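Could you walk me through this structure, piece by piece? I'd like to know how the parts sit together.

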Amino acid sequence: MSGLAAIVRDEILPLLQEYAFDDYSLLASFLGEALVDLEAHTMKELSDEGLVKALYTEFQVKDGAAE
């Protein structure tokens, strides 16, 4: 789990932040508000487990379709 969290934290999130030009509303639409602090314009500090759980919850697929 820590390997996945490290990849997301160190490689994927910086690319998404660059893509969104630090527009945290846009980032929240990609990642969900469990990962993005809209008021502080930052990414939330989550443990490895918390990060993976937030991603799983946001991208969970049910009945063959994303929610």
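How many residues does helix 3 have, and how far does helix 3 reach from its first C-alpha to its last? Helix 3 covers residues 48-59, so to speak a run of 12 residues, and reaches 17 Å, close to the 16 Å expected at 1.5 Å a residue. Keep in mind as we go that this is a predicted model.

Now look at which side chains of helix 3 are hidden. Leu51, Val52, Ala54 and Leu55 are buried. Looking down the axis of helix 3, you'd find these buried residues within an arc of 160 degrees, so they line one face of the helix. That buried set packs against helix 1 (2-19) and helix 2 (24-31).

The secondary structure comes to 3 helices and 4 strands, and from the N terminus on the elements run α-α-β-β-α-β-β. Of the 67 residues in the chain, 25% are buried. Among the contacts with a separation of 6 or more, 36% are between residues 24 or more positions apart.

In soluble globular proteins, nonpolar side chains tend to be buried together. Here the largest nonpolar core has 15 residues, and those with the most contacts inside it are Leu27, Leu31, Leu35, Val36, Met43, Leu51 and Leu55. Helix 1, helix 2 and helix 3 each supply at least two residues of this core. Leu31 is a handy one to click on: leaving aside residues up to four places away in sequence, Leu31 touches Leu13, Leu16, Val36, Met43, Leu55, Glu58 and Phe59.

Not every leucine is tucked away, though. Leu26 has its place in helix 2, and at 30% relative accessibility Leu26 counts as partly exposed. The C-alpha atoms of Leu26 and Val36 are 9.8 Å from each other, with the two residues 10 apart along the chain.

What about charged partners? The structure holds 1 salt bridge, and Arg9 forms that link with Asp48, with the closest N and O atoms 2.8 Å apart. Arg9 lies in helix 1 and Asp48 in helix 3, so the pair ties together parts that are 39 residues apart in sequence.

A search of the whole structure finds 1 aromatic pair. The rings of Tyr19 and Phe30 have their centres 5.9 Å apart and their planes at 40 degrees, so the pair counts as tilted. Since Tyr19 lies in helix 1 and Phe30 in helix 2, the pair ties together parts that are 11 residues apart in sequence. Tyr19 is exposed, at 57% relative accessibility, while Phe30 is partly exposed, with a relative accessible area of 27%.

His41 is found in the loop between strand 1 (36-37) and strand 2 (42-43). His41 has a positive phi of about 55 degrees although it is not a glycine.

Key: Residues are numbered from 1 along each chain as its sequence is written. This is a predicted model: local features need pLDDT of at least 70, side-chain atom pairs count only at pLDDT 80 or more; totals for chains, interfaces and linings use all residues. Side-chain values use heavy atoms; hydrogens and water are left out. The expected span of a helix is 1.5 Å times one less than its number of residues. Buried means under 20% relative accessible area, exposed over 50%, partly exposed in between (1.4 Å probe, protein chains only). The arc is that of the directions from the helix axis to the C-beta atoms. Contact means heavy atoms within 4.5 Å. Rings of Phe, Tyr and Trp (its six-membered ring) pair if their centres lie within 6.5 Å; planes under 30 degrees apart count as stacked, over 60 as edge-to-face and the rest as tilted. A nonpolar core is a set of buried Ala, Val, Leu, Ile, Met, Phe, Trp, Tyr and Cys residues joined through side-chain atoms within 4.5 Å. A salt bridge is a side-chain nitrogen of Lys or Arg within 4 Å of a carboxyl oxygen of Asp or Glu.
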